[in-house]
Amino acid sequence: MLGSRWLPYPGMSLLLWAVWLLLVNKITLDHVLLGALLAWLMPQVTRLFWPAVPRLRRFDRLLAFLGVVHWDILVANVTVARLILGPPSKLRPAFVEMPLDLDNDFAITVLANTISLTPGTVSADVSEDRKTLLVHVLDVDDAQALIRHIKYRYERPLREVFPC
């Protein structure tokens, strides 16, 4: 259920408060109160920028997805380091058009950001009809294999996490 008018996003407020306390690295009354004030105020100020609150269907799949993304970022860092330290002639950069099965705008945004977070790939554009995602890849030999990889590792779990 969405929060009340006074606390529109209680989960976000709790997360902001916890992050504040972790950042200041002190649990004193003034930091607890200031963090609580900011955790209440920031969602109030940004409420208008959240026209459609994303709904989670499967929180367990979201946690698994985050684990996969973190692992892929680690592996991609090593792969990209080897590629850029090697001869530039071995690089095969390309733009790849990936058809999207997602129709939830928030899920598409998460997918595009996930691709951009992974070193060696960048989401460049989403078509106006939200059916195609343009991805730039630092090194690709088989575009279809890359598309299958992204769909299996990222898009499929996102379809389970966010209702489409």
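Where is the place of Arg-47? Arg-47 sits in the loop between α2 and α3. Before going on, the provenance: this is a predicted model, in which local features need pLDDT of at least 70 and side-chain atom pairs count only at pLDDT 80 or more, while totals for chains, interfaces and linings use all residues. Residues are numbered from 1 along each chain as its sequence is written, and side-chain values use heavy atoms, with hydrogens and water left out.

Arg-47 counts as partly exposed because its relative accessibility is 28%; buried means under 20% relative accessible area, exposed over 50%, and partly exposed in between, with a 1.4 Å probe and protein chains only. Not counting residues up to four places away in sequence, Arg-47 touches Arg-5, Pro-8 and Tyr-9, where contact means heavy atoms within 4.5 Å. Arg-47 and Tyr-9 are 38 residues apart along the chain, and their C-alpha atoms are separated by 8.5 Å.

Now the helix pairs. Axes here are lines fitted to C-alpha atoms, for helices over the stretch in contact, and angles run from 0 to 180 degrees between N-to-C directions.

For the classes, angles under 35 degrees count as roughly parallel, over 145 as roughly antiparallel, 65 to 115 as roughly perpendicular, and the rest as oblique. The crossing of α1 and α2 is right-handed; a crossing is left-handed if the near helix is turned anticlockwise from the far one by less than a right angle, and right-handed if clockwise. On the α1 side, the residues that meet α2 include Trp-17, Trp-20 and Leu-21, and those they meet in α2 include Leu-38, Ala-39 and Trp-40. What do the residues of the contact of α1 with α2 divide into? They divide into 14 nonpolar, 3 polar and no charged. In this scheme Ala, Val, Leu, Ile, Met, Phe, Trp, Tyr, Cys and Pro count as nonpolar, Asp, Glu, Lys and Arg as charged, and the others, Gly among them, as polar.

Next, α3, residues 59-85, and α5, residues 143-161: their axes come within 9 Å and cross at roughly 160°. That makes α3 roughly antiparallel to α5. The α3 and α5 crossing is left-handed. Among the residues making the contact are Phe-65, Val-69 and Asp-72 of α3, and Arg-153, Tyr-154 and Leu-158 of α5. The residues of this α3 contact with α5 divide into 9 nonpolar, no polar and 5 charged.

Helix α5 also packs with α4, with axes that come within 10 Å and cross at roughly 150°. The α4 and α5 crossing is right-handed. Contributors include Leu-111, Thr-114 and Ile-115 of α4, with Ile-150, Tyr-154 and Leu-158 of α5. Here the division is 7 nonpolar, 1 polar and 1 charged.

Some individual residues around these helices follow. Asp-72, in helix α3, is buried, with a relative accessible area of 10%. Leaving aside neighbours within four places in sequence, Asp-72 is in contact with Thr-118, Arg-153 and Tyr-154.

Is Thr-118 buried or exposed? Thr-118 counts as buried because its relative accessibility is 9%. Thr-118 lies in the loop between α4, residues 105-117, and β2, residues 121-126. Beyond four places in sequence, Thr-118 is in contact with Asp-72, Ile-73, Ala-76 and Tyr-154. A polar atom of the Thr-118 side chain lies 3.0 Å from the backbone oxygen of Thr-114.

Finally, Ser-116 in helix α4. Ser-116 counts as partly exposed, at 33% relative accessibility. Outside four places in sequence, Ser-116 touches Thr-121, Val-122 and Ser-123. The Ser-116 side chain reaches the backbone nitrogen of Ser-123 at 3.0 Å. Asn-113, also placed in helix α4, is partly exposed, with a relative accessible area of 44%. From Asn-113 to Ser-123 the C-alpha distance is 7.2 Å, at 10 residues apart in sequence.

Methods:
Helices (H or I, at least four residues) and strands (E, at least two) are DSSP runs, numbered from the N terminus. A polar contact is a pair of N or O atoms within 3.5 Å; within protein, one must be able to donate a hydrogen and the other to accept it, and residues adjacent in sequence count only if both atoms are side-chain atoms.
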